[in-house]
Amino acid sequence: MRFLHTADWHIGKKLHGFDLAEEQRDAFDQIKQIAAEQNVDAIVIAGDLYDRAVASEDSVALLNQMLKELNLQAGYPLLTISGNHDSAIRLETGSDWYQATDFYLKTKFSDAFSPVTLGDTQFFMLPYFQPQMARNYFEDDSLKNLPEIMEKVVAEMEQQFASDKKHILVAHFFAAGSSHTDSETMLEVGGLNPVPVDLLEKFDYVALGHLHDKNAIKHDFIHYAGSPVKFSTSEANTEKGVWIVDTDPYQAKWIPLRPLHDIHVLEHSFSELTDPKLYRQIPEKDYVAIRLTDRAVIDDVMNKLRRYYPRIVSLSRVNGRENALVSDQKTPRANLDPLELFDTFFEEMTADKPTPLQEKIVKESFTELQEGGTYETH
């Protein structure tokens, strides 16, 4: 059998306030095209379909449309589990009748021990879980850490192995030897130890979700699919894609995805950043993280740079910022009213202007202080 392994779609995710629905839809279209070109028999999605437990209406509509296109229109069997960003209860709604169209959506710990058989392969689908779920299932309160739990999990799965089938584990956790990027949760399952790789070597292939880089672990048949879209500046140089897996004979082939709007990290001076030789190389709709090398104070620097890079997601100073002398200031700070002083301080500290909401909160706070706000002290 041949299947496509993807994970961590995070529908509804934003990049520093920028909506990524367009990028996610484009990546999905590429995945659907790859599935057709590679003539796959099924598609595995290893958790984190949504970015948050209570997904927005737009996110639900987008994901539903994607799943409909793959399962109902294209006719692919789907093997899907819930991740730590998903609400298992919300996601499982309708899962009982999804199976009528070969859409296998598993969200409960107990689901992991009833494999889904397609062709020559048994799929064991282990959704994200908390340790207490395992203790309840095994009726064993002595299970304290994740390695102990996974040893029992794999042993119970082995009892279901059919000798004439290949055995695939679909799971969502942090495996030993992995590394994080900052768009992912920093907690492992239950905050416990990572899953030791050697416990997973009973399977013919392990399709993992949770970490967003396929290189997070190096193994012949244990792979992270990574996310199909870049979700943070730390992923600027991370190649996105999917795995195409053949079970007999075993082969796993990586196929990259093309980013619709890429992320660029630019470390330059203000004069270099505003030079046509540089900014004309960056597509207008691409995302930009700027590491400014200047130490001098630059008035309204963020808005000035946005004229050249409309989608700036972050701005930092590599070498710090020099202090402006009082004699250089156009208006002595002692003569500024509190709101002007706040605006000046905020801009110097963040290289950006406060938002209307931030100004509103500060203004209300100053008004309350001036009126002698009724704060209790204990």
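The legends below describe close-up views of a predicted model.

**View 1. The second largest pocket and its lining.**
The second largest pocket holds about 400 Å³ of space. Its lining consists of 21 residues, and N64, L67, T93, Y98 and F103 are the closest to the pocket centre. Three elements, α2 (57–73), α3 (88–91) and β6 (103–106), each give two or more residues to this lining. The largest share comes from α2, with seven residues. Sorted by class, the lining of this pocket has twelve nonpolar, five polar and four charged residues.

**View 2. The largest cavity.**
The search of the whole structure returns two cavities of 30 Å³ or more. The largest cavity, shown here, has a volume of about 140 Å³. Its lining is made up of 17 residues, and those nearest the centre are P228, V229, K230, P259 and L260. Helix α1 (residues 21–37) gives the most to the lining of the largest cavity, namely four residues. By class, the lining of the largest cavity has nine nonpolar, two polar and six charged residues.

**View 3. The second largest cavity.**
For the second largest cavity the volume is about 50 Å³. The residues that line this cavity are W9, I11, Q24, A27, F28, I31, M66, P228 and V229. Here too the element that gives the most is α1, with four residues. The lining of the second largest cavity divides into eight nonpolar residues, one polar residue and no charged residues. P228 and V229 belong to this lining and are also among the residues nearest the centre of the largest cavity.

**View 4. Packing of helix α1 against helix α2.**
The axes of α1 and α2 come within 11 Å and cross at roughly 10°. Because this angle is under 35 degrees, α1 counts as roughly parallel to α2. On the α1 side the contact is made by A21, Q24, R25, F28 and K32, and on the α2 side by L62, Q65, M66, E69 and L70. The residues of this contact divide into five nonpolar, two polar and three charged. Q24 and F28 of α1 and M66 of α2 take part in the contact, and Q24, F28 and M66 also line the second largest cavity.

**View 5. Crossing of helix α5 and helix α6.**
Helix α5 (residues 131–138) and helix α6 (residues 146–158) have axes that come within 11 Å and cross at roughly 50°. The angle makes α5 oblique to α6. The crossing of α5 past α6 is left-handed. The contact involves P131, A134, Y137 and F138 from α5, together with I149, K152, V153 and E156 from α6. By class, the contact of α5 with α6 has six nonpolar residues, no polar residues and two charged residues.

**View 6. The cis peptide bond at D248 and P249.**
D248 and P249 are joined by a cis peptide bond, with omega at about -5°. P249 is placed in the loop between β12 (241–247) and β13 (250–256).

**View 7. Backbone of D48.**
D48 is a residue other than glycine with a positive phi, near 55°. The loop that holds D48 runs between β4 (42–46) and α2.

Technical notes:
Residues numbered from 1 in each chain as written. Predicted model: local features only at pLDDT ≥ 70, side-chain atom pairs only at ≥ 80, totals over all residues. Heavy atoms only, no water. 1 Å grid on protein atoms, 1.4 Å probe; cavity = no way out; pocket = protein on both sides within 12 Å on 5 of 7 lines; lining within 4 Å. Points joined across faces, edges and corners; volume = space filled by probe spheres on them. Nonpolar A, V, L, I, M, F, W, Y, C, P; charged D, E, K, R; others polar. Axes fitted to C-alpha atoms, helices over the stretch in contact; angles between N-to-C directions. Parallel < 35°, antiparallel > 145°, perpendicular 65-115°, else oblique. Left-handed = near helix turned anticlockwise from the far one by under 90°. Contact = heavy atoms within 4.5 Å.
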